[in-house]
Each structure stands twice: as C-alpha cells, then as structure tokens.
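This report describes selected sites in one structure. The sequence and the model come first.

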Amino acid sequence: MNITYYGHSCFGVEINGKHLLFDPFITPNELANFIDVDLVRADYILISHGHEDHIADAESIAKRTGAKVLCCPEIAAWLEKKGVENIRPMNIGGKIKFDFGSIKCVVAQHSSSLPDGSYGGNPMGFVIESSEKNFYYAGDTALTYDMKLIGDYRNIDFAFLPIGNNYTMGVDNAIIACDFIKCNQIIGMHYDTFGHIMIDQDEAVSKFENSGKALTLFEIGSTRKI
Ligand code: NI
Ligand code: MN
C-alpha cells in the first residue's frame, strides 16, 4: 500500500491499484505549493467534512479525474450544484463495498460548514477495509469514546489521526485514541499548516515512543510503502 502526503490532512492511498484521495487541500496550502495539483491521481475522493482546509481542491480534482466522491449528503448536494457528477453520498454508520475494498463512515466530533457558509452536515471519519490492509482516517475530531467502537469493530493496521491541537485533538489525546482504536501505528495530520496548530514534531514523536506507539510524520510530497 503506497501512501503519498499532499500536506495538512490530504493523503493519497493506493489500494489494489486504485487511488483514494482524502480531504484535498493543496493549492491554498503554502507548504504544498510545489505540488502540481493536476498530477494528483484519484479514483475516489473522500471528504470528511466541509471546511475549506479539507475540500478546497475537491471540485477541480473530481472534474478532472472523474473520481467518485464520497461525502455526506449535504456536501454531495453542494458539489452537485458545482457540476460534480460522480458522487456517492453516505452518512455515519454506512458501509459500502467498492472495487478496492470497503468504506465505513464513522463519527467525528467536530463541526462542518462549507466555504460559502452553507450547512455541511455532520463531520465524519472513515474505516477502510481491504485485502491489503485496514485503516482508519479520523478526519478532524476530538478524542471521543466512539473510537472504542472502531477498536472493537475491526483490526486496524494503521490510522491517520489529527495531532495539531486547537481545532482537533492534540498529541496527548491522540495517544489515548490509539488505545481506543487498538492501533499503535499512527500517521499524523492536521499540524503545522497554519497558526494555532504548530507543534514540536520531535516532542510529538518521542511522546508516542514513550507510550509504546509509533508516530510517522511524512514530508509533504513524499510517498511511503506501508
Ligand atoms: Ni475542520
Ligand atoms: Mn481542519
């Protein structure tokens, strides 16, 4: 499974030859301005919630690639109005099988509105199951007891968790989240992109290490095999 980091909470994950793109926010991100957004591949675009820092490039990438967009019905309606055609609206609790594996939508404790102020429905996270690996993409969320359901539900091989604090949980709560989801292999996201979410990366990594867990922080633009 190849994972590419496009900055902030945006990752590309290649599963069984299909490209999943999570929370596309590339062109407005000064840290990611060297990435050519027209080269970003996507067969599926998953959107956790409507905030600008998760949806900014969704419309353009969806139109260019024809990727299927997975999001809540409120965001689906908003994107449809913009002319995005290939959308699968889902909501929390839903689980659907696709050609690469399955997507289950799970609770995220956050808020959601779209960049123009429209109602964005409820924020969510995703549990992805596949013949390669299972993982959890948390989106923007606080630590929540609902994460225990994920730990009981499936064996999670690794998870994308927000660690930037302020708008989401920070490092200390993400370490507790590991115990809830029963997964100690974490890829950090939603940190250092703008004010209020700057972190000390070395300190974050050693805090995880001291708790017997592993935090991986990707360089923007890099790809790793997991
Ligand atoms: Ni948000
Ligand atoms: Mn955010």
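## Histidine 190

Histidine 190 touches His8, Ser9, Asp53, His54, Asp140, Pro162, Ile163, Gly164, Tyr167, Thr168 and Ile197, leaving aside residues up to four places away in sequence; contact means heavy atoms within 4.5 Å. The model is predicted: local features need pLDDT of at least 70, side-chain atom pairs count only at pLDDT 80 or more, and totals for chains, interfaces and linings use all residues. Residues are numbered from 1 along each chain as its sequence is written, chains are lettered from A and ligands numbered from 1 in written order, and side-chain values use heavy atoms, without hydrogens and water.

Histidine 190 sits in the loop between strand E12 (185-189) and helix H6 (201-210). Helices (H or I, at least four residues) and strands (E, at least two) are DSSP runs, numbered from the N terminus. With a relative accessible area of 1%, histidine 190 is buried, a term for values under 20% (1.4 Å probe, protein chains only).

## The metal ions

Donors are N, O and S atoms within 2.8 Å of the metal (3.2 Å for Na, K and Ca); water is not among the atoms, so sites may look incomplete.

Aspartate 140 coordinates both the nickel ion (ligand 1) and the manganese ion (ligand 2), which are 3.1 Å apart. Histidine 51 and aspartate 140 are both buried.

Terms used. Buried < 20%, exposed > 50% of the residue type's maximum accessible area, 1.4 Å probe, protein only.
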